[in-house]
Amino acid sequence: MTAKINMMVPIISKIYCLCSEKVLVVRRRPHVVNGGGFVVTDYGSQRVVFRVDGCGVLGTKGELMLRDGDGDPLLLLRRKGGMVEALSFHKKWKGYSLEYEGLQNLVFTLKEANNYCLAKNSEIRISTHPRTISNKGWDFEINGYFPDKSCSIVDSIGNVVARVGMKKEVEQVMGSKDLYHVVVNPGMDQAFVIGIIAVLDYIYGESTTC
């Protein structure tokens, strides 16, 4: 079901939580031009509101950067590595908000199943930090299949808080899924949503990968 959020959910910052639904447009950048990643614009104003730099820009595998429309860093996204992680049933991503003083604060952890590429229904769940939203051990999960650009971010009680999709006519004209939209429900943190989408983009080997 679609969430009717009456309160703000500021995971990154309350300035990215609006009282109304927001439609964002994601355009992927080619690796050959500027190292990949993608740009996010407001559907109504066409103004750039977020940018995501992939590892082709940053030069480090398993590391992404979410920036605001002015290019200032908001969120560092980093995949955990090492032998223990390789043998684990889940792989983990950490999202760190970036303060003006350069401090990094952990704001969420995303867990992906190690066999994500083998099935469309593989489990991907997100926990926020500090844990204040749910007592389930996780706060959000992904429903649907991101490579099809047909998926949702759902909270722990089943409310849809954001949806990823694309218009069929756009796909037919472009012949690819390089342009798609994200609908963020009222009260939900847009920066958090785009951060999750950046990680999904990397997981499924799209524009943010090296």
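Modeller: Below we go through confidence, strands, cysteines and a few backbone details.

Biologist: Okay, what is the average pLDDT of the protein chain?

Modeller: This is a predicted model, and the protein chain averages a pLDDT of 83, with 75% of the residues scoring at least 70.

Biologist: And where is confidence lowest, and where highest?

Modeller: The lowest mean, 48, belongs to helix α3 (residues 83-87), whereas strand β11 (residues 160-165) has the highest, at 96. Where pLDDT is low, the predicted coordinates should not be read in detail.

Biologist: How many helices and strands are there in the protein chain?

Modeller: The protein chain has five helices and twelve strands, and buried residues account for 50% of its 210 residues.

Biologist: What about strand β12, is it enclosed or open?

Modeller: Strand β12 (residues 179-184) is largely enclosed by the rest of the structure, because five of its six residues are buried. Strand β1 (residues 22-28) runs antiparallel to β12 and is joined to it by six bridges, with Lys22 standing opposite Val184 of β12. Strand β11 is also antiparallel to β12, through four bridges, and there Gly165 has His181 in β12 as its bridge partner.

Biologist: Switching topic, how many disulfides does a search of the whole structure find?

Modeller: The search finds zero disulfides.

Biologist: Is Cys17 buried or exposed?

Modeller: Cys17 is buried, at a relative accessible area of 7%, and Cys151 also counts as buried, with 5% relative accessibility.

Biologist: Now the backbone: which peptide bond is cis?

Modeller: The bond from His129 to Pro130 is cis, with omega near -5 degrees, and Pro130 is found in the loop between β8 (124-128) and β9 (140-145). For context, most peptide bonds are trans, and most residues other than glycine have a negative phi.

Biologist: Which residues have a positive phi without being glycine?

Modeller: Gln46 is one of them, with a phi of about 65 degrees, and Lys149 is another, with phi near 55 degrees.

Biologist: Where do they sit, and are they buried or exposed?

Modeller: Gln46 lies in the loop between β2 (38-42) and β3 (48-53) and is exposed, with a relative accessible area of 54%. Lys149 is in the loop between β9 and β10 (150-155), but Lys149 is buried, with a relative accessible area of 2%.

Definitions and conventions. Residues are numbered from 1 along each chain as its sequence is written. This is a predicted model: local features need pLDDT of at least 70, side-chain atom pairs count only at pLDDT 80 or more; totals for chains, interfaces and linings use all residues. Side-chain values use heavy atoms; hydrogens and water are left out. pLDDT is the predictor's confidence in each residue, from 0 to 100. Helices (H or I, at least four residues) and strands (E, at least two) are DSSP runs, numbered from the N terminus. A disulfide is a pair of cysteine sulfur atoms within 2.5 Å. Buried means under 20% relative accessible area, exposed over 50%, partly exposed in between (1.4 Å probe, protein chains only). Two strands pair if DSSP finds at least two bridges between them.
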